[in-house]
Amino acid sequence: MLDTIFKHKELIKRVLIILAFGCCFVGCWKKQVSRPVAFERKTPVQSNQIRVLLHDNIKQLRLTSMGGFSIKDSLMASKAHFGRDTEPLEIIAVSGYVKIGERMFGNGCVVVPDQFSLLSVNGKAYRGEIKLYTLDDGKSLQVINQLHVEQYLAGVVGAEMPSYWGQQALKAQAIAARTYCLYTKNRFGTNQKWDVRRTQANQVYRGVSAETATVKQAVAETRAMVLTCRHRDSTRGIFPTYYSSTCGGHTESSYNTFGEYFPPLNGVVCGHCKKTAQRNYLAWGPVTFTDTEITAKVLVRYPSLAELKKIESIVPAKTSNYGQGEGRVVSFRLIGKDGKDAYLKGEDLRLTLDTTGAKMKSTFCKIKKGKGTYSFTGKGFGHGVGMCQYGAHTMAREGKDYKQILRFYYPTAVLVKH
Ligand SMILES: [Zn+2]
């Protein structure tokens, strides 16, 4: 009897499995008929490639080329070659499909330049391929530039550091930028179609326009070199080698700023940037906001803080300790009209009040309350974690090499070939 029940159960289980597979198969098949599958969805690229998000949610763009190029769509069903004299092509999304010039492609396609040719998107030239995906609304596009990591770095180093700075500073910058982008790629790239943004949200990338002879040399002479340390995530020791313009006298720990601890990012005393940085980077302010302005900006970015009503007081809740009463504001306490309060990380409040960070340059600051106003006065430019770029510039001018610069700003990190 028991045996029969078991057999029945087994039979029912098998039927259910077959049905489930059948439904899944029919579902997939249906999906393919109604809309092509996404091109290379959620698959990591080869280790020497990086995918840079150029545009997200863009409605229209213009593609030009200095030579010929091919376009292949997601199902490889449509392929076209365009010669070197091709007029600029308008690209839009139509009902979930990519339309390039007069031709329709699938919901994802890749533009591959001919050998020795370059592609330009909206007038900016990039090496490597351009990938285009339609977004779920069917009307907007995501534009990604996929290229070799070393080519990408030439477009970053020249955008993140003046190319006339010393070669040793440029080499330190190349290694920091390489390590940072590989960390970001390994950590986040496997679950999405791109690895890094082209803005300061990751690191600034300007494509071919940022390349100069000195920058290319710095990248080539440090080829494949990265910094590593002992830590626990899955990036084989590669860590986020943050860097920023001017630390103002002391770099900050990654834990205080971003909530993640890495041994080489604990903060160091830096006496270098003050020798070369612009005066308004070393000491800035006062930068003044009214409390109405502050409330509006905070609530736009953090709607959940609406319960504070009007923000009537801002005080540093936690400050790092550089000695002699100095330090960066790690978190701010915001106090609302009825006494309710909330806490924001220092960098989060800074970039909420001043999205570009050009005026309120750092959290290495003091606050002064006026009549309905708050004034911030401070030192340094940028988040202050990792390498201080003006400090690296000074060290290079004083004859230090890139290894000494990196050892100073990322103590205990180990330089290896990736
Ligand atoms: Zn510094």
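These are my notebook entries on a predicted model of one protein chain.

**Entry 1: the chain as a whole**

I began with confidence and found a mean pLDDT of 88 for the protein chain, with 88% of its residues reaching 70 or more. I then looked up where the pLDDT falls, and noted that it stays under 50 over residues 1-7, a stretch for which the model has zero contacts beyond four places in sequence. Over residues 9-44 the pLDDT is also below 50, although here the model does show 37 contacts beyond near neighbours in sequence. I am reading both stretches with caution.

For secondary structure I recorded eleven helices and 23 strands in the protein chain. Of the 418 residues, 50% are buried. When I took the contacts with a separation of 6 or more, I found that 68% of them join residues 24 or more positions apart.

**Entry 2: helices H2 and H3**

Next I turned to a helix pair, keeping in mind that two packed helices are described by the angle between their axes and the distance between the axes. Helix H2, which covers residues 149-160, packs against helix H3, residues 167-188, at an angle of about 125°, and their axes lie 9 Å apart. That angle makes H2 oblique to H3, since the oblique class takes in what lies between the perpendicular limit of 115 and the antiparallel limit of 145 degrees. I noted the crossing of H2 past H3 as right-handed.

Which residues meet where H2 and H3 pack? From H2 I listed Val149, Glu150, Tyr152, Leu153, Val156, Val157 and Glu160, and facing them from H3 are Leu170, Gln173, Ala174, Ala177, Arg178, Cys181 and Leu182. Sorted by class, this contact of H2 with H3 comprises ten nonpolar residues, one polar residue and three charged residues. I set the spacing of these lists beside the helical repeat: an α-helix has 3.6 residues a turn, so residues three or four places apart point the same way.

Is helix H9 enclosed or open? I found that six of the eight residues of H9 (residues 346-353) are buried, so the helix is largely enclosed by the rest of the structure. The buried residues in H9 are Gly346, Glu347, Leu349, Arg350, Thr352 and Leu353.

From there I followed the chain to Thr363, which is placed in the loop between H9 and strand E20 (365-369). Thr363 has a relative accessible area of 3% and is therefore buried, the cut-off being under 20%. Leaving aside neighbours within four places in sequence, I recorded contacts of Thr363 with Gly327, Arg328 and Val329, and also with Gly346, Glu347 and Arg350; Gly346, Glu347 and Arg350 are among the buried residues of H9.

Methods. Residues are numbered from 1 along each chain as its sequence is written. This is a predicted model: local features need pLDDT of at least 70, side-chain atom pairs count only at pLDDT 80 or more; totals for chains, interfaces and linings use all residues. Side-chain values use heavy atoms; hydrogens and water are left out. Axes are lines fitted to C-alpha atoms, for helices over the stretch in contact, and angles run from 0 to 180 degrees between N-to-C directions. Helices (H or I, at least four residues) and strands (E, at least two) are DSSP runs, numbered from the N terminus. Angles under 35 degrees count as roughly parallel, over 145 as roughly antiparallel, 65 to 115 as roughly perpendicular and the rest as oblique. A crossing is left-handed if the near helix is turned anticlockwise from the far one by less than a right angle, and right-handed if clockwise. Contact means heavy atoms within 4.5 Å. Ala, Val, Leu, Ile, Met, Phe, Trp, Tyr, Cys and Pro count as nonpolar, Asp, Glu, Lys and Arg as charged, and the others, Gly among them, as polar. pLDDT is the predictor's confidence in each residue, from 0 to 100. Buried means under 20% relative accessible area, exposed over 50%, partly exposed in between (1.4 Å probe, protein chains only).
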